[in-house]
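Subject: Handing over a structure, with notes on what was found

Dear colleague,

I am passing on a structure that you have not worked with before, and I would be glad if you could look through it alongside the notes below. The sequence and the model come first, and the notes follow.

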Amino acid sequence: MPPPAAPPIGLHLTRTARVVGRAFDDALAAAGGSLPVWLVLLSLKAQRLDNQRQMADAIGIQGATLTHHLNLMEADGLVTRRRDPHNRRVHVVELTEAGEALFQRLRAIAGSFDRQLRNGLSGADVATFARVLDRLRDNVASWEEL
């Protein structure tokens, strides 16, 4: 069997995603954060969620993993958690001043990182890339259904 003319697209995507992901992790770490912390902070700023389960779903992690991250963030003074007086099973999570400051630093890093990723790409390139990523996601979903 002759070798493929080009690497399989899934392999190319996986390798690229790993390099981009590591670079983003490094950029967040240099500013005092991490990807999980950024996702929690972003979730708290972007939407009002009724409970931690909704936050975990929005971020794309398991509830126990979110609890672990929230415990660390609370210990670091980035968030506070308190029981909802109307439903004692629900924790209300809020940013502290330190959490807000970290959010602003990480937001600046994420914006700079995104601008670097878009360097040399037109708006049409980015739109096409987004459509291709969506198609790949949909193709994988239909593969899993087989």
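Leaving aside its neighbours within four places in sequence, which residues is Val40 in contact with? Before turning to that, please bear in mind that this is a predicted model, in which the protein averages a pLDDT of 90 and 97% of the residues score at least 70. Confidence is lowest in strand E2 (residues 87-95), where the mean is 81, and highest in helix H5 (residues 97-117), at 97.

As for Val40, its contacts beyond four places in sequence are Met55, Ile59, Leu66, Leu70 and Met73. Val40 also belongs to the largest nonpolar core, which has 23 residues, and it is named there together with Met55 and Leu106 as having the most contacts inside that core. The elements that give two or more residues to this core are H1, helix H2 (35-46), helix H3 (52-59), helix H4 (63-75) and H5. As a general background to such an arrangement, nonpolar side chains in soluble globular proteins tend to be buried together.

Helix H2, in which the buried residues are Val37, Trp38, Val40, Leu41, Ser43 and Leu44, has 12 residues and reaches 16 Å from its first C-alpha to its last, close to the 16 Å expected at 1.5 Å a residue. The cover over those buried residues includes H1, H3, H4, strand E1 (79-84), E2 and H5.

One of these partners, H5, packs against H2 at an angle of about 105 degrees, with the two axes 10 Å apart, and H2 and H5 are therefore roughly perpendicular to each other. On the H2 side, the residues that take part are Val37, Trp38, Leu41, Leu42 and Lys45, and they meet Gly99, Glu100, Leu102, Phe103, Leu106, Arg107 and Ala110 in H5.

A second pair to look at is H3 and H4, which pack at an angle of about 100 degrees, with their axes 9 Å apart. That angle makes H3 roughly perpendicular to H4. Here Gln52, Met55, Ala56 and Ile59 in H3 meet Gly63, Leu66, Thr67 and Leu70 in H4. H4 also holds His69, which counts as buried because its relative accessibility is 17%, and which touches Pro36 and Ile61 when residues up to four places away in sequence are not counted.

Helix H1 (residues 9-30) has 22 residues and reaches 31 Å from its first C-alpha to its last, close to the 32 Å expected at 1.5 Å a residue. Just after H1, Gly32 takes a positive phi of about 90 degrees.

Is Val19 buried or exposed? Val19, which lies in helix H1, counts as exposed because its relative accessibility is 56%, and its C-alpha is 28 Å in space from that of Ala64, a residue 45 places apart from it in sequence. Val20, which lies in helix H1 too, is partly exposed, with a relative accessible area of 28%. Not counting residues up to four places away in sequence, Val20 touches Phe113 and Leu117, while Val20 and Phe129, which are 109 residues apart in sequence, are 15 Å apart in space, C-alpha to C-alpha.

Phe113 lies in helix H5 and is buried, with a relative accessible area of 17%. Leaving aside its neighbours within four places in sequence, Phe113 is in contact with Val20, Ala23, Phe24 and Ala27. The C-alpha atoms of Phe113 and Ala23 are separated by 8.9 Å, although these residues are 90 residues apart along the chain.

With best wishes

Terms used:
Residues are numbered from 1 along each chain as its sequence is written. This is a predicted model: local features need pLDDT of at least 70, side-chain atom pairs count only at pLDDT 80 or more; totals for chains, interfaces and linings use all residues. Side-chain values use heavy atoms; hydrogens and water are left out. Helices (H or I, at least four residues) and strands (E, at least two) are DSSP runs, numbered from the N terminus. The expected span of a helix is 1.5 Å times one less than its number of residues. pLDDT is the predictor's confidence in each residue, from 0 to 100. A nonpolar core is a set of buried Ala, Val, Leu, Ile, Met, Phe, Trp, Tyr and Cys residues joined through side-chain atoms within 4.5 Å. Buried means under 20% relative accessible area, exposed over 50%, partly exposed in between (1.4 Å probe, protein chains only). Contact means heavy atoms within 4.5 Å. Axes are lines fitted to C-alpha atoms, for helices over the stretch in contact, and angles run from 0 to 180 degrees between N-to-C directions. Angles under 35 degrees count as roughly parallel, over 145 as roughly antiparallel, 65 to 115 as roughly perpendicular and the rest as oblique.
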